[in-house]
Amino acid sequence: MTAVLPVTGLRTGTGTGTGAIARRRRRSLLLGLGLTLALLLLTGLALSTGQLQLPLLDALRALIGLGDPGDVLVVQEFRAPRVVSALIAGAGLAVAGTLLQRLFRNPLASPDVVGVTGGASFGAVLMLALGASQAFIPLAALGGGVLAALLLGAFAWRSRMAVNRLVLVGLAVQSGLAAAVNLMIVRFPAELASSALQWTTGSLYGRNWTEVRIGGAAIVLTVLAVFALYRRVAVLDLGDDSAGGLGLDPNRARLGLLLLAVVLASMAAALCGPVAFVALAVPHLVRLLAGPPTPGTLALTALTGALLLLGSDYAVLNLLPVHGLPVGAVTATLGAPWLLVLMIRQGRPPQRSES
């Protein structure tokens, strides 16, 4: 009889394992090319479509400062920051969701479920309430995300809860922080309440290059760090004893990866607010299409998250009849059925395999 590998389910000794890996790589490459082309097409549409319709070539020329001064102003100062924010924040949320689901070993884990985006919103709204400059919003969002993570860890430590059950505590933390945000918005002067509204649902309205440079640079650098350390997640999947035997301190590695996920989610929230379900749904979708997690599928996750958020924002601006709808309402509408399906699947008893 041929041996079966427990992790991949591939048989050895027949060449099938090598062939399956090659097929997954080809599928991932094709998916990556398709996602990249879709992103380029959607980016061009987002830059050229709006109340002022521009030919695609004119929009691209305006993006680099050529053409009519009015077109340059519209594209460079209004559309481009919003598009770049959607791309970067969507990628950051999706990668953060992948990390949290693997670290917590729970398919329902995501920054908007365990409280991280709620903490980021709390920090940003508090900064607005204090009348601070917009330049401090990303730092405040990061501080709020770290606060949420500390609350989650403190509650879990006191109750000695298993890692895969932390989602329940995270839901309570998220609800409490959301209530605090709503309370501050109610207490705001009228002129501040509108600017803080994005922190309740998520919106890309009014993004500027200062916010993009600060938050975007932090997200890009953190995503690169995740790629550099991603193989540690596979080692942690083997269990703490096996990870220690391979020379990896599991607690330190888990804490470092968790911090990276918090930074990604907080900086993404600083750009777009607490956009729901991007971090939850995208990792599952990529696993369904591309197979088991690898550094290659992590890149697909980032591309898919960017495409989903930019596509949702494009629908808000150009396809839906409701004017001024926040992008978080669209992602929540798309993600709510997905969350219901996941919860039903989680509630089913595991099927026993016949030997």
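How much accessible surface does the protein chain have, and what share of it belongs to carbon and sulfur atoms? The accessible surface comes to about 18,400 Å², and carbon and sulfur atoms hold 67% of that area. The model on display is a predicted one.

**The whole chain**

Begin with the protein chain in a cartoon view. Its secondary structure consists of 16 helices and zero strands. Of the 355 residues in the chain, 44% are buried. Among contacts with a separation of 6 or more, 74% join residues 24 or more positions apart.

**Helix 10 and its cover**

Select residues 209-229, which form helix 10. This helix has 21 residues and spans 30 Å from its first C-alpha to its last, close to the 30 Å expected at 1.5 Å a residue. Next, show the side chain of asparagine 208, which caps the N-terminal end of helix 10. A side-chain oxygen of this asparagine lies 3.1 Å from the backbone nitrogen of threonine 210.

Now colour the buried residues of the helix: Glu211, Val212, Gly215, Gly216, Ile219, Thr222, Val223 and Val226. Their cover includes helix 3, helix 13 and helix 15 (295-319).

Glutamate 211 counts as buried because its relative accessibility is 7%, below the 20% cut-off. Arginine 207 is also buried, with a relative accessible area of 7%.

**Proline 138 in helix 6**

From glycine 216, move to proline 138. The two residues are 78 residues apart in sequence and 9.9 Å apart in space, C-alpha to C-alpha. Proline 138 is located in helix 6 (residues 137-159) and is buried, with a relative accessible area of 5%. Leaving out residues up to four places away in sequence, proline 138 touches Ile214, Met267 and Ala270.

How many salt bridges are counted? The count comes to four.

Select arginine 82 and aspartate 313. Their salt bridge brings the closest N and O atoms to 2.9 Å. This pair links distant parts of the chain, with arginine 82 in helix 3 and aspartate 313 in helix 15, 231 residues apart. Both arginine 82 and aspartate 313 are buried.

Next, select aspartate 237 and arginine 102, whose closest N and O atoms are 2.2 Å apart in a salt bridge. Aspartate 237 lies in helix 11 (residues 231-237) and arginine 102 in helix 3, so this pair ties together parts that are 135 residues apart in sequence.

**Two positive phi angles**

Most residues other than glycine have a negative phi. Select arginine 105, whose phi is near 55°, a positive value in a residue other than glycine. Arginine 105 is placed in the loop between helix 3 (69-104) and helix 4 (111-114). At 48% relative accessibility, this arginine counts as partly exposed.

Then select phenylalanine 277, which is not a glycine either and has a positive phi of about 75°. Phenylalanine 277 sits in the loop between helix 13 (250-272) and helix 14 (278-290). This phenylalanine is buried, with a relative accessible area of 13%.

**Threonine 331 in helix 16**

Threonine 331 belongs to helix 16 (residues 327-347). Threonine 331 is buried, with a relative accessible area of 3%.

**A nonpolar patch**

For the last stop, switch to a surface view and select Leu56, Leu57, Leu60, Leu63, Ile64 and Leu66. These residues make a nonpolar surface patch of about 570 Å². Leucine 63, one of the patch residues, lies in helix 2 (residues 56-63). At 34% relative accessibility, leucine 63 counts as partly exposed.

How values were computed:
Residues are numbered from 1 along each chain as its sequence is written. This is a predicted model: local features need pLDDT of at least 70, side-chain atom pairs count only at pLDDT 80 or more; totals for chains, interfaces and linings use all residues. Side-chain values use heavy atoms; hydrogens and water are left out. Patches are made of residues with over 30% relative accessible area and no salt bridge: like charges are joined within 9 Å, nonpolar side chains (Val, Leu, Ile, Met, Phe, Trp, Tyr) within 5 Å. Accessible areas come from the Shrake-Rupley method with a 1.4 Å probe; for residues, only the protein chains shown count as cover. A salt bridge is a side-chain nitrogen of Lys or Arg within 4 Å of a carboxyl oxygen of Asp or Glu. Helices (H or I, at least four residues) and strands (E, at least two) are DSSP runs, numbered from the N terminus. Buried means under 20% relative accessible area, exposed over 50%, partly exposed in between (1.4 Å probe, protein chains only). The expected span of a helix is 1.5 Å times one less than its number of residues. Contact means heavy atoms within 4.5 Å. A polar contact is a pair of N or O atoms within 3.5 Å; within protein, one must be able to donate a hydrogen and the other to accept it, and residues adjacent in sequence count only if both atoms are side-chain atoms.
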